[in-house]
Structure formats: C-alpha cells, structure tokens
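Hello,

Here is the structure I promised to pass on to you. Have a look first, and my notes follow below.

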Amino acid sequence: MEYKIAVLAGDGIGPEVIAQGLRLLEAVGARYGHHFHCQAATVGGAAIDLTGRAIDPATLELCASGDAVLFGAVGGPKWDDPKARVRPEDAILALRKELKLYANLRPVKVHAPLLDASPIKAERLKGVDMVVVRELTGGLYFGKPKKRWQTSRGWRAVDTLAYSQPEVDRILRVGFRLAQGRRKKLTSVDKANILETGRLWRQRAQELAAEFPDVALEHMLVDTAAMQLIREPARFDVVVTENTFGDILTDEVAVLAGSMGMLPSASLGARSLPGVEGGPKRLFGLYEPIHGSAPDIAGQNKANPLATFLSLALLLRYSCGLEVESAVVEGVVEELLRAGYRTGDIAAPDSRVVGTREMGDLAVRALKASPSPVTPRD
Ligand code: IPM
Ligand code: MG
C-alpha cells in the first residue's frame, strides 16, 4: 500500500528524534513492501523565524490531505517571551483544532527492563498498563473568552472552561470503547465537586454507561487521581479526562515509565480513511512523542527517540491499519531495552548508553532482523 505522511519535526530535539523515526519507517516500508511518502514542513519556532507564523495554511492543508501527521516537538527559550504575539505552541494547537483531532490517546506501559529507571518503587510499577484518553480540542485550552487586558488596577486575564454535551459524549465514548477492548475498566476523571463542566462530565459518563454494560465505570476527582496514579498505578486501565487535566496527569504518569522520552501519543478524530476490503478500519491521525522540545539537550545527540518509535507504532496501527508492522516496531523497542541500550534519560549504572543516532541504528538493524513477513503486501 501507499501512505502519505506529513512530517513536522519542529524545534529543539524534534528534528533529531524524527530523523531516527523516519529511518525506522523507511526500514518498515522496505521490509514489508509499503511506500510511505513523507513530506516535511516547517512549524513552531522555526516557522516563526521564517514567516512570523507558527504554522501556515499550506502546511495545514498538507497535513489534512494525507493519511497521518508525524509531529516532533515545538518551542524553546528563544520564543518564550510571555508578551510575544505568536508562540511555537500555536502550531500544535491549530493542528489539533483544525484537523478536529479531539481524542488524544496516551498509552502508559512500564517496560520490565525499566522498572528501576523510575523513582517510584518497582513493586508499585509491576503490571502498569493504562491508556489516558485526553480530550484535545475543548476545555480550558480553547474556551472563549480567553484574553489578557489592562484595567485601571493593572492587568487581568481570563481563560474559560466550557464543554458541550456532544464534545463530552464523543470523548467518553472513546474511553468506553477502548476499555471494552482491554480490561473493561474506565476511570472518568473530573472536578465535579467544584466545576459545572465536571458535573456535566460525570452526569454524561453515568448516562452513557448504560450503552456499555460490560465496562466498569468509576469516577475520580482529578486531585485524587493525581495521587492514585502514583500510589497504585496498576489499578488503572483506561482513564478519560478534560484537556488540561490530561495534559498535567500524563506528565505525571510519564514518571512511571521512567522518562518522558518513553511515552507516545495518537491524536484521532472522526475522519476515517479508505480501507482495504476486509481490512482493518483506518483513521486519520497525528502522532507525537509527549515530551517537549527539550532545548537543554537539543543538538547533542542525547534525546531518547523511543517515544517517537512508539508513536510510529501507533501511526502504523491506527492510520495505516498495519497491526503486524506496528507490533514489530513495539517489539523492536522491547528488544533494545532488554539488551540494555539506553539513552541518558533512562540510563542505569550497567546500561549500554547510546546517543539518539545510535539508538536509530540499533532499531533499524533489529527491524531488519525481525521475523520475515508472512505475505508481503503491496
Ligand atoms: C502536550 C504538550 C502541549 C500541550 C504543548 C506543547 C502545547 O504539553 O502535548 O502535552 O500543552 O498540550
Ligand atoms: Mg503536556
């Protein structure tokens, strides 16, 4: 099959991890007989420097016209002035909103060889395997009014947390459906004791539960969730929550996996892609590691590309319908970790510490040596 992928490497370590991801993707194509047509465009701070905008309409169009977007990271101290009119982050927010990618899936798995890479006790980490479903196009990030202005008594600013029933329903349903395919447990995280949006969220979760009788639904307040995710992480299966809550909680749970450099994400919407007859359903999506641009280590060949490899695995699964290839990429990551290869962020005293490029070399080599495809498809 042929696939069209827009590649937006962005700033900081973005270009370094994406470069290795693209090598791995090419190796997948060569091994399994697929053509991934990758087209790159500039976004984030790099685009601001060039054009004054974090993303331009042609880039949005390029993304919208393909099967998937592979995204690196945006931002850096150079563009961090709080008074600046444009910010690198505008690029990713515009992509999410314009491409209607309302469901952000962040799987969190603790890889056995990394049990000691986390500051959390290994005994608490055993069996951790959850997916956080973060609402991505509404909530506090996008509600209006959203502004800052001067008054006679100094500055004022406002952000708005607003949700409509359709927005809440569609993300809750993503959570319920995911849970159906897993351990059948859904934790809906809200702040229903204080916020009206939290009460709407909880009410709709309760009402929708009737459609999914096989899923055990529980509600948890976001502050309690912040504690429980660290205290007893293995009890969670699927977690579904508001945009900002999901942003905060997923940085927290990255600690379980040993590093931000380990967590991938998929942002999906309603748009399905033409499938192969009898083949799996395919969805348009954007895939990105959840770590940021890490300006402190940018350009030093130190960044961990594994979250990008795992994001590619999600891209292959959801947007290409290539389950076998997706599992092979995940297997490659497991294999490298088992063999003791580590970038600095997850290194232990006895690790074989490698750089970003070397991890890419190792991944490509492991992929080439992976079990040969049963029936190469075209
Ligand atoms: C994330 C990031 C982004 C967010 C930033 C870069 C806009 O923190 O994907 O979690 O806040 O959503
Ligand atoms: Mg974040």
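How many aromatic pairs does the structure hold? There are three, counting rings of Phe, Tyr and Trp (its six-membered ring) whose centres lie within 6.5 Å. In one of them, Tyr3 and Phe36, the ring centres are 5.4 Å apart and the planes meet at 20 degrees, so this pair is stacked (planes under 30 degrees apart). Tyr3 belongs to strand β1 (residues 2-10) and Phe36 to strand β2 (residues 35-40), so the pair ties together parts 33 residues apart in sequence; strands here are DSSP runs (E, at least two residues) and helices likewise (H or I, at least four), numbered from the N terminus.

A word on the source: this is a predicted model, where local features need pLDDT of at least 70 and side-chain atom pairs count only at pLDDT 80 or more, while totals for chains, interfaces and linings use all residues. Residues are numbered from 1 along each chain as its sequence is written, and side-chain values use heavy atoms, without hydrogens and water.

Now the domains. The assignment, from an automatic or database source, gives domain 1 (1-106 + 262-378) and domain 2 (118-257). Their contact (heavy atoms within 4.5 Å) takes 15 residues from domain 1 and 19 residues from domain 2. Together they bury about 1,600 Å² (accessible area, 1.4 Å probe, lost on being put together and summed over both), 64% of it on carbon and sulfur atoms. On the side of domain 1 that touches domain 2, the elements giving two or more residues are α4 (89-98) and β4 (103-109), and β4 provides the largest share, four residues.

Best wishes

Note on methods
Chains lettered and ligands numbered in written order. Buried area = accessible area lost by both parts, 1.4 Å probe. Phe/Tyr/Trp six-rings, centres within 6.5 Å; stacked < 30°, edge-to-face > 60°.
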